[in-house]
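Me: I am new to this structure and would like a short walk through it. Could we begin with the whole chain and then turn to single residues?

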Amino acid sequence: RFTVCGLDSNGTAWCWGPNVFGEIGTQPVGSTSRFDTPTAVSGGFQFQSLFPGWNTYCGITTGGGVACWGRGVDGELGIGNSDTSTPIIVQALSAQSNN
């Protein structure tokens with residue numbers, strides 16, 4: 001909730017603040033200390049833009065995918081109900097016909 005992330009001119013995401021659910025995008029999840037300086041998000045993704053959620057971040061990658069990290073216990077990351085400190089690509093469901 002108090003984590004901040006931004007992009008540099010190369011599309012690298014940098015975050016700082018608390019890392020309770022992995023929202024900094026690096027280990028360790030559940031850190032009781034905060035990251036007082038910007039820390040590069042792990043995973044090697046380059047982003048066009050970032051979108052904050054409640055203890056969660058998602059970004060549109062330069063390849064056009066969506067990668068998310070942080071709190072996921074209520075399905076926020078699109079991978080079930082677990083937190084992750086490494087951005088993961090959200091897999092979209094294909095459209096289904098109701099014929």
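**The chain as a whole**

Reply: This is a predicted model. Of the 99 residues of the protein chain, 35% count as buried.

Me: What does the secondary structure of the protein chain come to?

Reply: The protein chain has seven strands and zero helices. Read from the N terminus on, its elements run β-β-β-β-β-β-β.

Me: Let us change topic to V41. Where is V41 found?

Reply: V41 lies in the loop that runs between strand 3 (31–40) and strand 4 (47–52).

Me: Does V41 count as buried or exposed, and why?

Reply: V41 counts as buried because its relative accessibility is 10%, and the cut-off for buried is under 20%.

Me: Which residues does V41 touch, leaving out those up to four places away in sequence?

Reply: V41 touches A13, W14, C15, I24, G25, W69 and P87. For one of these, C15, the C-alpha atom is separated from that of V41 by 6.8 Å, with the two residues 26 apart along the chain.

Me: What about T39, where is its place?

Reply: T39 sits in strand 3. With a relative accessible area of 19%, T39 is buried.

Me: Which residues does T39 touch, with the sequence neighbours up to four places away not counted?

Reply: The contacts of T39 are with A13, W14, C15, I24 and T26.

How values were computed:
Residues numbered from 1 in each chain as written. Predicted model: local features only at pLDDT ≥ 70, side-chain atom pairs only at ≥ 80, totals over all residues. Heavy atoms only, no water. Helix = DSSP H or I, 4+ residues; strand = E, 2+ residues; numbered from the N terminus. Buried < 20%, exposed > 50% of the residue type's maximum accessible area, 1.4 Å probe, protein only. Contact = heavy atoms within 4.5 Å.
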